[in-house]
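I opened this structure to look up a few things and write them down. The notes follow in the order I made them.

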Amino acid sequence: MRFAWIDLREVPRPQLQAVVDAAIHARMAGVVASDAELLGTLPPTVTRVLVPGGPATAAVKKLGDKEPKEAKAGDKEAKSPSGGGTSPSGSGIDVLLRKFSTQDELDALASDHRASTDKQVSGFIDVRDDRTLQLSCAGAMVLPYTVIHFADPTKIPLEIVLAAAESAEGKLVTVVDGLEEAAIVFDVLERGSDGILFTPRSADEVFALARLLEATTPQLELSTLTVESIRHVGLGDRVCVDTCSHFEEDEGILVGSYSSGFVLCCSETHPLPYMPTRPFRVNAGALHSYTLGPDNRTNYLSEVGSGSALLAVGADGRTRRVVVGRAKLESRPLLEIRTHAEDGRLVSLTVQDDWHVRVLGPGGKVLNVTELQTGDELLGYLAADKRHVGLPIGEFCKEV
């Protein structure tokens, strides 16, 4: 489960309370601060991460900045936020985060973690070269949390750490500069970083991050549709959707003439005569057709183009987000397939009239559209909502 820590140390002071409230309300996994008293006010539902060094006064310290002597790796105590005396830095603290840049400092952190009974001693490292990259891989294997700032914008070093830490029990947290980078970091090597460390400028950015974390695709309950008629309707324009992903053999996209029902159109992952397979493509249907995308939103195939997001749907109802690389519109003879669901609902699909265009049946059975017969069963999806500009809306709407 991916997660985010909110770093309070560079949040503008007028925005600080709003950001803290937003982090709690949006159920952010953790909050990072150099002020133990501030962290002590947070509920135990939030992972409270202390970076030793005291509260932000004239300037707020960044992870990786030079730390005072009291806060070096291996120390047992950190300065109290009031600036005087010491405290065990364990009251209201779940994670103690310290910088490491050498193997000796990493060993000291690991030793402190093993000896600690009230908090998880973890590490931060600034990766700037091969030595620090290898050290970050070693940290990911022995620390409960390893927070990494990558100096270079390329994601290759992150890929290396992810591969090296595949079997690690600890969590990898990557420092990001913004929401766009957060989305990229979560997708690296498909697995992505376990978590991110993000410094918001306002409460709005906290809520935007929460939406990003929740951006998962649903499991769909597919229905069995029974073919009632197939007819040739003449020349029209159809759309091939070429995605940036490789479809599985039982995957495709949902397409239909009406927004209330869709047929699962098969990708070109199966062998074809006279041409190679194109496992990234779905010969989807006529350009007027609806297709289902993320967030329960539909688009006409005429609107789909490079950069659009659609749902790849499996025969078992699993879904994932895929990005369109290209949509190709060409005039071809068309075939109308009319089906009905168990509740009698009409589901219609208009596709290219050609043998190599395929739809999926129950169990992922591959069916050539030109060989369909009355009574054949297809897989489809019945939508409960009416649509306006692709969005669900509770109004009367009849499509014929």
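**Entry 1: confidence.** pLDDT is the predictor's confidence in each residue, on a scale from 0 to 100. I need that term because this is a predicted model. Over residues 387-392 I found that pLDDT stays under 50. The model still has 19 contacts beyond four places in sequence for residues 387-392. Residues 55-90 also stay under 50, and for them I noted 65 contacts beyond four places in sequence.

**Entry 2: helix α4.** I looked up α4 next, which runs over residues 130-142 and has 13 residues. From its first C-alpha to its last I read 19 Å, close to the 18 Å expected at 1.5 Å a residue. At the start of α4, a side-chain oxygen of Asp129 comes to within 3.3 Å of the backbone nitrogen of Arg131.

Which residues of α4 are buried? I listed Thr132, Leu133, Leu135, Ser136, Cys137, Gly139 and Ala140. An α-helix has 3.6 residues a turn, so residues three or four places apart point the same way. I then asked what the buried residues of α4 pack against. The elements are the helices α3 (103-115) and α5 (156-164), together with the strands β7 (120-127) and β8 (145-150).

**Entry 3: Glu181.** I found Glu181 in helix α6, residues 179-185. Its side chain makes a polar contact with the side chain of Lys155, at 3.5 Å. Leaving aside neighbours within four places in sequence, I noted Lys155, Val175 and Val176 as the residues in contact with Glu181.

**Entry 4: aromatic rings.** How many aromatic pairs does a search of the whole structure find? It finds 5.

I then looked at Phe262 and Tyr381, a stacked pair with 6.5 Å centre to centre and 25 degrees between the planes. Why does this pair tie together parts that are 119 residues apart in sequence? It does so because Phe262 lies in strand β13 (residues 261-268) and Tyr381 in strand β22 (residues 377-382). I marked Phe262 as buried, and Tyr381 as buried too.

Notes. Residues are numbered from 1 along each chain as its sequence is written. This is a predicted model: local features need pLDDT of at least 70, side-chain atom pairs count only at pLDDT 80 or more; totals for chains, interfaces and linings use all residues. Side-chain values use heavy atoms; hydrogens and water are left out. Helices (H or I, at least four residues) and strands (E, at least two) are DSSP runs, numbered from the N terminus. The expected span of a helix is 1.5 Å times one less than its number of residues. Buried means under 20% relative accessible area, exposed over 50%, partly exposed in between (1.4 Å probe, protein chains only). Contact means heavy atoms within 4.5 Å. A polar contact is a pair of N or O atoms within 3.5 Å; within protein, one must be able to donate a hydrogen and the other to accept it, and residues adjacent in sequence count only if both atoms are side-chain atoms. Rings of Phe, Tyr and Trp (its six-membered ring) pair if their centres lie within 6.5 Å; planes under 30 degrees apart count as stacked, over 60 as edge-to-face and the rest as tilted.
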